[in-house]
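Where does a structure leave open space, and what surrounds that space? Rolling a probe the size of a water molecule over the atoms shows where empty space is left.

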Amino acid sequence: MGQTIAEKIIAVHAGRPTVQPGQIVNVSVDIAMANELSAALSIKELGEWGIDHLHNPEKICLIPDHFTPNKDLNAAKITKIVREFARRHNVKWYFEVGRAGIEHAVIPLEGVILPGQLMVGGDSHTCTAGALNCFATGMGSTDIACAWATGEVWLKVPHSARLTFTGKLRPHVYGKDLILHALGDLTTAGATYMSIEYHGDVFEKLPLSDRFTMSNMAIEAGGKAGLFEFDQKTKEIVESTPRFIQDKPKYTPYAPDSDATYALERTYDVSTIEPLVARPFSPDNVAVVSSCTEVNIDEVVIGGCTNGWLEDLVRAAEVFRGRKVHPNVRVVVIPGSQRIIRQACDLGLPQIFIDAGCVFSTSTCGPCIGGHMGVLGEGEICVSTTNRNFRGRMGHLSSEVYLANPAVAAASAILGHIGSPDDL
Amino acid sequence: MILKGKVYRAGDNINTDVIMPGRWCHLTDNDELAKHCMEDHDRDFLKKIKPGDIIVADDNFGCGSSREVAPLSIKAVGIAGIVARSFARIFYRNCINIGLPIFESPECAEVTEAGDELEIDVFGGRIVNATRGKEMTFAPYPDFMQTILRDGGLRAWVLDKVNKK
């Protein structure tokens with residue numbers, strides 16, 4: 001019987017010729033990653049278990065990004081624990097503030113992970129890296145501690161879902177709208193415990209960053225992973241990372257067999273998809289932008305691990321160029337990583353954002369989890385390019401978040417209400 | 001292992017952000033976590049429950065983030081177990097790994113109301129709702145997960161692997 005991409009990668013890492021959905025296997029882990037919040041708990045657990053020897057520090061990645069640059073004394077305390085742990089164990093992939101960014105943007109662009117590899121991360125959006133044709137999945141701190149100590153984790157082999165996107169994209173429709181469209185169809189539980197495979201000719205026309213956006217939000221449908229096939233675009237990104245240029249590591253991409261079995265299959269005609277938003281309080285509460293233009297807004301967040309890629313910043317900047325943010329609105333732009341910030345500088349993007357009246361921030365998860373850099377007050381309404389709009393997610397329990405693509409977010413910031421660039 | 005307790009009833013899509021809001025995710029101490037459990041779902045949660053109680057919920061309990069502080073806080077307040085129509089997968093896995101019993105039973109979610117008395121035979125695959133006079137079954141855990149739960153979490157499995165190496 002044929003195997004899906006996820007089944008092939010899991011089988012290789014379990015040392016078996018094939019695996020079946022539902023089977024519980026032990027897999028070797030190529031990278032076990034954590035941010036300061038999940039790492040602090042993993043480090044505490046290792047201490048309680050009396051384990052001071054790590055299986056392989058070359059396979060560990062630590063990226064303080066949630067409450068950094070340290071937002072308060074609590075953040076300072078846990079990032080210090082993580083930094084000292086990284087130094088003591090000689091962790092290969094420790095990324096310090098100023099040389100890092102948001103974990104899910106740092107990992108693929110610095111070459112921490114390669115196609116065909118298996119990564120576990122102490123953050124649910126670890127699935128972002130699946131865009132590079134690797135099996136990357138979010139787990140809790142105990143699992144991460146286990147991977148650090150043993151080099152392995154237990155895994156229940158997921159069923160696979162196959163989502164195919166075909167046709168010609170309408171203006172201002174990007175990867176974000178495609179995944180929101182799928183979420184509206186599948187719901188937040190529609191792909192629970194499935195590995196999602198994204199296919200279709202539409203991805204030949206979109207940059208790789210849109211794949212990251214869609215893999216990032218696989219978890220919003222309950223997915224265990226979100227994978228793309230390997231192609232020329234993947235190769236270009238993978239082989240341009242600093243790590244690849246230096247080490248020239250070998251890697252093996254995987255394609256699904258033609259007779260692979262999928263528990264769920266959908267084909268979406270993208271020519272019918274308009275720019276979308278997800279309304280409060282769920283990523284599957286999807287509506288067309290044109291139906292929400294009466295919603296006045298207080299804040300706009302552009303960036304994060306979902307839409308903080310260079311192409312996203314370019315799309316937003318094109319809308320802001322020569323325009324001003326609405327007087328009632330404040331905008332925070334958050335590029336995914338230091339590398340992306342540097343590239344944005346080369347393109348002159350910060351000047352455009354600043355001239356329009358935006359905050360141009362360093363990389364941090366801050367506002368997306370109601371941490372810092374733009375926490376919402378009572379009753380405030382935000383358009384955000386991030387991935388979750390649960391009640392209270394970005395601040396006060398009564399605040400509301402609409403999820404959208406960067407061009408829609410920028411247009412809304414200028415209009416003062418939800419709208420698309422065509423409304424300007 | 002038999003769990004016996006009163007039911008705290010919750011609905012669909014109880015996400016980890018409302019179980020343990022982002023503002024408390026820097027905490028690692030169980031007593032501290034316990035103070036904020038379910039804070040953004042129900043401000044009176046801690047007043048309504050007592051150690052040994054059981055949460056019964058509908059679909060997709062624990063969806064969202066991988067933050068282990070969410071199930072840790074539920075364990076820390078003394079909740080004995082969680083029954084739901086369905087669970088999000090990272091949350092489910094985290095519960096097994098920290099030794100918090102967790103059961104998928106659409107049937108139990110269907111008949112159970114707040115305050116009901118439940119009795120759960122963890123490894124026998126049986127739930128009795130004494131208040132409603134209903135006896136239900138659930139699919140037993142795979143052997144591997146049973147072992148982890150009997151050990152009270154993943155610790156023993158990790159130590160065994162480390163010692164063999």
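This is a predicted model: local features need pLDDT of at least 70, side-chain atom pairs count only at pLDDT 80 or more; totals for chains, interfaces and linings use all residues.

Residues are numbered from 1 along each chain as its sequence is written, chains are lettered from A and ligands numbered from 1 in the order in which they are written, and side-chain values use heavy atoms, without hydrogens and water. The complex has an ipTM of 0.97 and a pTM of 0.98 from the predictor.

The largest pocket holds about 490 Å³ of space. A pocket is an open set of points on a 1 Å grid over the protein atoms alone, where a 1.4 Å probe fits, with protein on both sides within 12 Å along at least five of seven lines; lining residues have an atom within 4 Å of a point. Its lining has 24 residues, with A:Lys156, A:Tyr193, B:Tyr92, B:Glu104 and B:Met145 nearest the centre. Strand S7 (152-156) of chain A, and helix H5 (89-98) and strand S4 (102-104) of chain B, each give two or more residues to this lining. Helices (H or I, at least four residues) and strands (E, at least two) are DSSP runs, numbered from the N terminus.

The second largest pocket holds about 320 Å³. Among its 19 lining residues, A:Glu45, A:Glu48, A:Trp49, B:Leu72 and B:Ile98 are closest to the centre. Helix H2 of chain A gives the most to this lining, with 5 residues.

Key
Grid points are joined across faces, edges and corners, and a volume is the space filled by probe spheres set on the points.
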